[in-house]
Amino acid sequence: MSTAEAQLENIKEPLITNIQRYSLQDGPGFRTTIFLKGCPLRCPWCHNPDTQLTKKEISYYAEKCIGCGRCAERCPTGSTYIEQRGQEAFLKYDRSKCIGCGKCADACLTGARDIAGREMPMAEIIREAAADNMFFFNSGGGVTISGGDPMMFPEYTLELAKNLRQEGLHVALETSAFGPWHHLQPLLQYVNLFLIDIKAMDAEKYKNIIKGNLDVILNNFENLVKAGAAVRARLPMIPGFNNSQRDYEAYTEYLGKFVGRIEAVDLLPFHSYGEKKYQLLGRMESYQYLNVNSMEAKELKPFIKMLIEAGFVAGKSLTVGGLIGVNK
Ligand code: SF4
Ligand code: SF4
């Protein structure tokens, strides 16, 4: 192991929830997306709740459980236990006592328990990401650092981006940009493309619902553009949250100032795929979009029309779903 690799082995924070290959929606070409665990915001529609908290969590797939009790035997805290009621035994799980040690998941032979968030040495992440180099080369793709929010771990993200670039990889960073500029600024030299989420143009909604600060986000967005970075604005389109005519007007007025200065606006229609994850994590109470249907692209036609009138070009500087394409 080289000295550089040995140094990287020591950088183990944050936890990684997934390294997803062949993604087409997190930047140009085929991409490998690295999901870091931890986010400072709390979007009530979040479809990756497993990446919100920095700690390890257990996903429980009840339909796979055969009630063997191996998990309860291994649990050191008594959070997983067998409750005897007469002749019948019931498997119980008290999440409030769980320390996320993962011993239950290791013991489970059916995959009914899985741990969300694993330590992964940075050198291993780099090796895994670089393994797809041929696909990146042929498609104009690369690696996207996502989460959660990578800006929750600015030093780690900087080191990761630097090392990915040293491997000759195209690096995209997906972030809510909620953090001090001095955390983003050093990334300018290593990140090829910034994917900046702008979840609303209403400061009160940001503050009260998402738990963020719109001014901070827009300042960072503008600073990146001024610095000449390649930037795409990513707009999650959420029913009842930011899809009114007023929302469309505010977005169009603001983003219209950046026509020709940002690469594109990507509209990301709400989908309900995250619902199952809340169930698995035992956090249904924090999911406020239960039974809300996925949004169809055609619902965004009025907004698309406004953005086109402002100067964005459909399929080029304006996309729906974030599908950017290959070899661009
Ligand atoms: S993660 Fe550890 S503490 Fe939590 S239920 Fe499993 S074995 Fe018990
Ligand atoms: S070890 Fe797995 S299959 Fe057995 S009781 Fe626990 S969760 Fe169910």
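User: Among contacts in the chain between residues at least 6 apart in sequence, what percentage join residues at least 24 apart?

Analyst: This is a predicted model, in which local features need pLDDT of at least 70, side-chain atom pairs count only at pLDDT 80 or more, and totals for chains, interfaces and linings use all residues. Residues are numbered from 1 along each chain as its sequence is written, and chains are lettered from A and ligands numbered from 1 in the order in which they are written. Two residues are in contact if their C-beta atoms, placed from the backbone, lie within 7 Å. Of the chain's contacts between residues at least 6 apart in sequence, the share joining residues at least 24 apart is 73%.

User: How many helices and strands does the chain have?

Analyst: Helices (H or I, at least four residues) and strands (E, at least two) are DSSP runs, numbered from the N terminus. On that basis the chain has 12 helices and 12 strands.

User: What is the radius of gyration of the chain?

Analyst: The radius is taken over C-alpha atoms, and the globule rule is 2.2 Å times the number of residues to the power 0.38. For 328 residues the rule gives 20 Å, and the chain's value is close to that, so the chain is as compact as a globular protein of that length. The radius of gyration is 21 Å.

User: What percentage of the residues in the chain is buried?

Analyst: A residue is buried if 20 or more other C-beta atoms lie within 10 Å of its own, exposed if 12 or fewer, and partly exposed in between; C-beta atoms are placed from the backbone. Of the 328 residues in the chain, the buried part is 40%.

User: What distance separates the centres of domain 1 and domain 2?

Analyst: Domain bounds come from an automatic or database domain assignment. Domain 1 covers 3–54 + 118–320, and domain 2 covers 57–116. In contact are 7 residues of domain 1 and 7 residues of domain 2. Taken over C-alpha atoms, the centres are separated by 34 Å.

User: Which residues are closest to ligand 1?

Analyst: A residue is near a molecule if its C-beta atom, placed from the backbone, lies within 6 Å of it. Ligand 1 is surrounded by 13 residues. The closest are Cys75, Cys98, Cys101, Lys103 and Cys104.

User: Which residues are closest to ligand 2?

Analyst: Around ligand 2 there are 13 residues. By class they are 8 nonpolar (Ala, Val, Leu, Ile, Met, Phe, Trp, Tyr, Cys and Pro), 2 charged (Asp, Glu, Lys and Arg) and 3 polar (the others, Gly among them). The closest are Cys65, Cys68, Cys71, Cys108 and Ala112.

User: Which residues does methionine 306 touch, not counting residues up to four places away in sequence?

Analyst: Methionine 306 sits in helix 12 (residues 301–310). It counts as partly exposed because it has 18 C-beta neighbours inside 10 Å. Its contacts beyond four places in sequence are Tyr248 and Thr252.

User: Why does tyrosine 22 count as exposed?

Analyst: Tyrosine 22 lies in strand 1 (residues 16–23). Its phi is near 60°, a positive value in a residue other than glycine. Tyrosine 22 counts as exposed because its C-beta neighbours inside 10 Å number 12.

User: What is omega for the peptide bond from glycine 147 to glycine 148?

Analyst: Most peptide bonds are trans. Glycine 148 is in the loop between strand 7 (142–146) and helix 6 (154–166). The bond from glycine 147 to glycine 148 is cis, with omega near 20°.
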